[in-house]
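This report describes one protein model for a reader who is new to structures. Please look at the sequence and the model first.

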Amino acid sequence: MDVDVVVIGAGVAGMYAVHRFRLDGLSVRGFEAGSDVGGTWYFNRYPGARCDVESVDYSYSFSDELQQEWDWSEKYATQPEILRYLSHVADRFGLRSAFTFDTRVTAATWDDGVWQIRTDSGEEVRARFCVCATGSLSQPNTPPIEGRERFTGRVLHTASWPHEGVDFRGLRVGVVGTGSSGIQSIPEIARSAESVTVFQRTANYSVPAGNAPLDDETRREQKANYAERRRLSRLSGGGSPFVPHPKGALEVDPEERRRAYEARWQMGGVLFAKTFPDQTSNLESNDTAREFAEEKIRALVKDPAIADALVPKDHPIGTKRIVTDSGYFETYNRDNVELVDLRKTPIREITETGVETTAGHHDIDVLVFATGFDALTGAVARIDIRGRGGRTLREHWNGGPRTYLGLGVDGFPNLFLVTGPGSPSVLANMILGAEDHIDWIADAVAHLGEHGKATIEARPDAVDAWQAQLSERADRTLFPRAASWYTGANIEGKPRGFMLFIGGFATYRQICADVAGSGYEGFTLTDAPVAVTS
Ligand code: NA7
């Protein structure tokens, strides 16, 4: 055996994994495709990239010293600031030394009690445990639009943005996609480009961030109350210290409802989706939020026809992640921004010089794909993972991902997933979620040691029951109605099904804690011999 644990990925989860496993006295090797730490924040460098969770909450909780010493400059941190923070964490806890950068794990094979890990540099490492901290939104998706390779201008993807930045001055820019990446980057690109043509397939809900610099007083107060803030976050549905209105949207009178929506709108961001507790489970309640948001969009956009095209019509509000923007809808009031509604005039093909829709040709110098990710499964699926009997994870997940607790997979002993399918993942605060998962895994590894066991593996019946629970919970909500990346609908040919645990962060934490407390019910623990240490 070379090491106890191999960690794949040096993002938020992989970094904490190295720290925690080392604290537990385990030897760790990490591999990272990028040239440095940061994961999603290393790659997504597009202009306007920001987190949609407040910086004070979207930060590690494992070290109070770290919490107290780091100063966030804004309510919602930009990508460069988050990357600086993660770099600081890597320095402070000496994490980089565990990682080999610019190196992709290409294969992981379970062989006689050992994970054999192979990389694209030809290195092979043997480990007892393999932790996939590979990220939920890390495998970029570029849709196979006819003629894409013929375009002679510059092609960019928001998720693999050039490190040196892009100077858009004097250029005609086309942006495909109006998810979070498109909605955050379009206003920034429009500020300097000669023109921006936005190719919108599905209009999206977006709430202004209400971003603001944090002053010393606010920071002092946040830091003084950090413990309470974290406690409330862990009791919440989404991992931030906010609770919805105590009543359902239809249980209050229209004035109170409006006041509640207005207050959340002014607070800014994604939490608008959780103003009332029944907003994403009852269509009638959802309609009240939808109407409120629609009114806001129409008030922000001067041209009623453009406003109409920007009003979402395909999905209940909140069933695709609500975007947190800075001046998105207002951008369409600029003379240099044009909206192309692909529902009315679909793309025919990409040409050498631009994009041809059924309404005509758009000349473009730079084409930006803000087209998202093969979410939740894409990054693990690209690794050739082989479990017991040589069965591949790809085969095993042919019909869609199947996990127990989002942590383990039957047939794949000592393999752990982190914040992936089957967990709340992106429906909750990803940093707190990652810390929880890593702590759970580390505790499980310690439990094996204490009980003379060598392997832990999800039982097939536990996986079946977990999958059934995921579906039952999702079916009680409006989420399955949206053709979102939560369901695999954004990738052609990807199996459809709601992939996340939607019962809330607090409930999920309790379930995981109960499983651990019961001696890992639903997992098989064996004392199979481990290969001889070399
Ligand atoms: P998203 O949210 O998946 O958005 C991708 C966008 O690209 C979305 O508007 C898609 O339209 C659009 N898209 C995808 N394929 C095509 C084709 N073929 N033609 C036209 N438009 C297309 O990714 P983001 O990177 O913006 O955000 C991902 C998450 O990161 C976000 O939710 C935050 O949590 C952070 P569609 O809606 O599929 O019709």
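**Overall form**

This is a predicted model, in which local features need pLDDT of at least 70 and side-chain atom pairs count only at pLDDT 80 or more, while totals for chains, interfaces and linings use all residues. Residues are numbered from 1 along each chain as its sequence is written.

The protein has 16 helices and 20 strands; these are DSSP runs numbered from the N terminus, with helices (H or I) of at least four residues and strands (E) of at least two. Along the principal axes, the C-alpha atoms fill a box of roughly 70 × 55 × 45 Å. A compact globule of 534 residues would have a radius of gyration near 24 Å, and the 23 Å of the protein agrees with this. That radius is taken over C-alpha atoms, and the globule rule is 2.2 Å times the number of residues to the power 0.38.

Of the 534 residues, 48% are buried. A residue is buried if 20 or more other C-beta atoms lie within 10 Å of its own, exposed if 12 or fewer, and partly exposed in between, with C-beta atoms placed from the backbone.

**Two domains**

The protein is divided into domain 1 (3-139 + 374-527) and domain 2 (148-205 + 245-278 + 281-369), with bounds from an automatic or database domain assignment. Their C-alpha centres lie 30 Å apart. Contact (C-beta atoms, placed from the backbone, within 7 Å) joins 17 residues of domain 1 to 22 residues of domain 2. The side of domain 1 that touches domain 2 has eight nonpolar, four polar and five charged residues. Here Ala, Val, Leu, Ile, Met, Phe, Trp, Tyr, Cys and Pro count as nonpolar, Asp, Glu, Lys and Arg as charged, and the others, Gly among them, as polar.

**Nonpolar cores**

In soluble globular proteins, nonpolar side chains tend to be buried together. A nonpolar core is a set of buried Ala, Val, Leu, Ile, Met, Phe, Trp, Tyr and Cys residues joined through C-beta atoms within 7 Å. The largest one has 100 residues, of which Met15, Cys130 and Val131 touch the most other members. Helix 14 gives the largest share of this core, ten residues. A second, separate core of 43 residues includes Val198, Val207, Leu339 and Ile364.

**Ligand shell**

Around the ligand are 22 residues, and Pro143, Gly177, Gly179, Thr202 and Gly372 come nearest. A residue counts as near if its C-beta atom, placed from the backbone, lies within 6 Å. The shell consists of nine nonpolar, eleven polar and two charged residues. Helix 5 (residues 180-192) gives the most to the shell, with three residues. Each of domain 1 and domain 2 supplies at least three residues.

**Single residues**

Most residues other than glycine have a negative phi. Leucine 405 has a positive phi, near 65°, and threonine 419 has a positive phi, near 45°. Leucine 405 is in the loop between helix 13 (393-396) and strand 18 (415-417), and threonine 419 is in the loop between strand 18 and helix 14 (430-450). Isoleucine 431 lies in helix 14.

| Residue | Other C-beta atoms within 10 Å | State |
|---|---|---|
| Leucine 405 | 23 C-beta atoms within 10 Å | buried |
| Threonine 419 | 29 C-beta atoms within 10 Å | buried |
| Isoleucine 431 | 21 C-beta atoms within 10 Å | buried |

Isoleucine 431 and aspartate 57 are 374 residues apart in sequence and 8.5 Å apart in space, C-alpha to C-alpha.

Key:
Contact = placed C-beta atoms within 7 Å.
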